[in-house]
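This report sets out selected structural features of one protein chain. The sequence and the structure are shown first.

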Amino acid sequence: MTRSLEEALFQHFIHQKLEIAYAINKPFPFFEGLRDNFFITETLYRESLEACRNLVPLPRVVYNILTKLETTFSLSFLEMLFGQINLHEYPSLMTILKSFKSVVTSYGGWSRSTAAPQEAPASPAGRSSLRPLLPLPACQGPPPSRGLLLCCDTCPRAFHEDCHIPPAAAKRRPWSCTFCRMKESSRSQGCRGESEGPARQMPPEEQLKCEFLLLKAYCHPQSSFFAETPRNIRDYSEPFKEAMWLDLVKERLTEKVYTVAWFLRDMRLIFRNHQTFYKASDFGQIGLDLEAEFEKDLKKVLFVHEAK
């Protein structure tokens, strides 16, 4: 296994911790497997069981364990996590396993002798930095559906053609990602006045800002919960007006049909629907971090005044 593949698997593990935590729906045999294979100490094992007995939600307990395992992450842990017993007892792990297999496939498999492009352009100091293979936690489809992996010529980031917003063209060189384009735009433009309010067709600079906001949302660890058509869409009724998800927002933004107000309305609808549907469950708290991050980024880049 190449160093770049090992790093990519580690980064993907971090992005998937939340989904793994919710896939583990009972302590046994997951806790015992971690303890018996010396991935966690006896003390942590007992503390975790005690937390469950004290009615701490199981996903929070598992997430805490996974966070501690970041410091000792290894391929052997993934082998245990996706072993036959766990896959049988926790069927939801199968989807997560497929996403890890996609990481391996993107690097050409286990036997590949040379890694995929991983080094950033050398800095003036002569250093280079590791490029993450999967900057988007929601990036889990099979490699052919995502396109080629493109390395930004301005920063260390790398994106699949279809995962980037807007979709990138491999033939375009030099190529800068939306993060770098947004940074350059902020240097050359001042704050726009409120008279150019949000309820109008977006000029190129505001299209770029919305692309930046959406790409930032996709890069958040919680984005995988909101990327695709909601699984509970058939249960939608009042008080839901309509379903909304990130991939649909991306499609509309790519087709350039949005106004700023429409874009913001759809993004906020994603979070509002989720919290309304899961208001009686701890799962309803998932997404609050992403929503807070989105609103914080919004204040920084849109420079528009909205009536609350």
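## Basis and overall make-up

The model is predicted; local features need pLDDT of at least 70, side-chain atom pairs count only at pLDDT 80 or more, and totals for chains, interfaces and linings use all residues. Residues are numbered from 1 along each chain as its sequence is written, and side-chain values use heavy atoms, with hydrogens and water left out.

The protein chain has 13 helices and two strands; helices (H or I, at least four residues) and strands (E, at least two) are DSSP runs numbered from the N terminus. Of the 308 residues in the protein chain, 47% are buried. Here buried means under 20% relative accessible area, exposed over 50%, and partly exposed in between, with a 1.4 Å probe and protein chains only. Contact means heavy atoms within 4.5 Å. Among contacts in the protein chain between residues at least 6 apart in sequence, 64% join residues at least 24 apart.

## His164 and its surroundings

His164 is located in the loop between strand 2 (158–160) and helix 9 (178–188). Leaving aside residues up to four places away in sequence, His164 touches Phe159, Trp175, Cys177, Thr178, Leu215 and Lys250.

Which backbone atoms lie 2.7 Å and 2.9 Å from a polar atom of the His164 side chain? The backbone oxygen of Pro166 is at 2.7 Å, and the backbone nitrogen of Thr178 is at 2.9 Å. A polar contact is a pair of N or O atoms within 3.5 Å; within protein, one must be able to donate a hydrogen and the other to accept it, and residues adjacent in sequence count only if both atoms are side-chain atoms. Pro166 lies in the loop between strand 2 and helix 9, and a cis peptide bond with omega of about -5° joins Ile165 to Pro166.

## Packing of helix 10 and helix 13

Two packed helices are described by the angle between their axes and the distance between the axes. For helix 10 (residues 204–219) and helix 13 (residues 288–301), the angle is about 155° and the axes are 10 Å apart. Axes are lines fitted to C-alpha atoms, for helices over the stretch in contact, and angles run from 0 to 180 degrees between N-to-C directions. Helix 10 and helix 13 are therefore roughly antiparallel to each other, a term for angles over 145 degrees.

On the helix 10 side, Lys209, Phe212, Leu213, Lys216 and Ala217 take part; they meet Leu290, Glu293, Phe294, Asp297, Leu298 and Val301 of helix 13. By class, this contact of helix 10 with helix 13 has seven nonpolar, no polar and four charged residues. Ala, Val, Leu, Ile, Met, Phe, Trp, Tyr, Cys and Pro count as nonpolar, Asp, Glu, Lys and Arg as charged, and the others, Gly among them, as polar.

## Local backbone features in loops

A cis peptide bond also joins Phe28 and Pro29, with omega of about 10°. Pro29 is in the loop between helix 1 (3–23) and helix 2 (30–36).

Leu55 has a positive phi near 70° although it is a residue other than glycine. It is found in the loop between helix 3 (42–53) and helix 4 (58–69) and is exposed, with a relative accessible area of 74%. Lys256, not a glycine, has a positive phi of about 60°. Lys256 is in the loop between helix 11 (246–254) and helix 12 (260–277) and is exposed, at 55% relative accessible area.

Key
Parallel < 35°, antiparallel > 145°, perpendicular 65-115°, else oblique.
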